[in-house]
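Dear colleague,

I am handing over the structure we spoke about, and below it you will find an account of what came out of it. Please have it open while you read.

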Amino acid sequence: MPAMNMIQALNSALDNMLERDPDVLIFGEDVGFFGGVFRVTDGLQKKHGLTRCFDAPIAEGGIVGAAIGMGAYGLRPVVEIQFADYIYPAYDQLVSEAARLRYRSAADFTAPMTIRSPYGGGIFGGNTHSQSVEALFTHVAGLKTVIPSNPYDAKGLLIASIEDDDPVLFLEPKRIYNGPFDGHHERPVSPWAGHPAAEVPAEHYIVPLGKAHILREGKDLTVLAYGVMVHVAMAAAQDSGIDAEVIDLRTLVPVDIEAIEASVKKTGRCVIVHEATRTSGFGAELSALVQEACFYHLEAPIERVTGWDTPYPHAFEWDYFPGPERVAKAMRRVMEG
């Protein structure tokens with residue numbers, strides 16, 4: 001089985017789907033000839049042709065609007081927004097058109113489209129290349145939101161997203177494109193090579209949407225995380241010595257409430273970690289869900305570890321970034337509560 005980083009795994013997923021389904025096509029800014037700013041679509045235009053993988057103008061609203069029309073007429077477009085920070089011009093199209101199409105047409109039309117976008121910080125991208133936008137879309141009925149944490153899941157989840165009959169926002173944590181990252185920025189960069197999740201089958205497979213993965217079993221507390229924060233949570237559990245159960249949510253909508261509920265009822269404690277700003281972040285929704293489902297099992301208040309309620313600060317990247325030290329402190333507070 002070949003070892004792949006996340007870029008290669010995503011490329012393999014797109015290649016599989018272009019070969020498998022003639023209705024699948026890819027377009028966006030620089031995704032064709034150049035192969036994407038992060039090289040996720042590298043070689044796909046050369047292999048599959050100009051009508052299957054092509055460049056679009058720098059007009060995010062136009063890209064998403066065209067994809068909605070294509071989806072309504074039976075195609076399965078996969079579009080790339082070069083950075084999640086630039087998705088806002090397409091927000092109205094996503095919210096008012098793509099998310100509502102099935103409902104407003106009484107299911108006569110659907111929008112089977114996937115919107116890929118690199119997101120998050122940890123690469124010194126500053127406040128216009130580091131944003132975490134997931135909560136803006138989880139609030140919208142009719143959209144699904146997916147965030148992988150490793151190459152194996154990235155390929156399987158992307159294929160599942162493309163095959164889904166509803167619009168899916170597929171956010172790719174760019175800090176872990178080339179290797180896992182545990183938040184210890186002062187340490188040497190680790191590649192995906194040798195990591196179990198880098199063993200990615202070359203053929204078609206899916207990781208179902210709405211199914212979380214218990215990455216680490218434990219009895220002391222439950223940590224809910226996604227994307228890069230899954231690796232940070234694992235590091236915090238090791239550094240703190242606390243027997244934490246770490247759950248990789250994989251998809252935020254639909255969220256695997258059954259797995260969350262079972263874990264928190266077992267441990268009695270919960271820490272939620274995400275990189276996005278704190279106020280109205282997806283962690284607030286998770287906290288409410290845990291409170292509703294597990295109130296009588298909780299032994300301490302739920303803790304959230306998040307980014308600040310500020311623009312992403314270039315000079316204070318690693319203070320903003322929820323690292324293992326901050327997560328471990330939250331774990332200890334929960335254990336003392």
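Two strands are taken to pair if DSSP finds at least two bridges between them. With that in mind, and remembering that this is a predicted model, we can start with the strand β3, which covers residues 76–80.

On one side of β3 lies strand β1 (residues 24–28), and the two pair in the parallel sense over 5 bridges; within this pairing, F27 stands opposite V79 of β3. Strand β3 also pairs with strand β4 (residues 114–119), again in the parallel sense, over 3 bridges, and here R116 of β4 is the bridge partner of E80.

How many of the residues of β3 are buried? The count is 5 of 5, so that the strand can be described as mostly covered, where buried means under 20% relative accessible area. In a regular strand the side chains alternate between the two faces of the sheet. For β3, both faces are covered, with R76, V78 and E80 buried on one side and P77 and V79 buried on the other.

These strands belong to an open sheet of 7 strands with mixed pairing, whose order is β2-β1-β3-β4-β6-β5-β10. At its edges stand β2 (53–55) and β10 (251–253), and because each of them has a single partner strand, one side of each is left without a neighbour in the sheet. Neighbouring strands of the sheet are turned against each other by 20° on average, if direction is ignored.

Elsewhere in the sheet, strand β5 (residues 144–146) runs parallel to strand β6 (residues 168–173), and 3 bridges join them; in this pair K144 stands opposite V168 of β6. Helix α3 (residues 60–72) packs on the sheet, where it touches β1, β2 and β3, and its direction makes about 165° with that of β1. Helix α7 (residues 151–163) packs on the sheet as well, touching β1, β3, β4, β5, β6 and β10, with its direction at about 160° to that of β6.

Finally, there is a pair of helices to look at. Helix α9 (residues 257–267) and helix α10 (residues 282–294) pack at an angle of about 60°, with their axes 10 Å apart, and α9 passes α10 in a right-handed crossing. From α9 the residues I257, I260, E261, V264 and K265 meet L286, L289, V290, A293 and C294 of α10. By class, this contact of α9 with α10 has 8 nonpolar and 2 charged residues, and no polar ones.

With best regards

Technical notes. Residues numbered from 1 in each chain as written. Predicted model: local features only at pLDDT ≥ 70, side-chain atom pairs only at ≥ 80, totals over all residues. Heavy atoms only, no water. Buried < 20%, exposed > 50% of the residue type's maximum accessible area, 1.4 Å probe, protein only. Helix = DSSP H or I, 4+ residues; strand = E, 2+ residues; numbered from the N terminus. Axes fitted to C-alpha atoms, helices over the stretch in contact; angles between N-to-C directions. Contact = heavy atoms within 4.5 Å. Left-handed = near helix turned anticlockwise from the far one by under 90°. Nonpolar A, V, L, I, M, F, W, Y, C, P; charged D, E, K, R; others polar.
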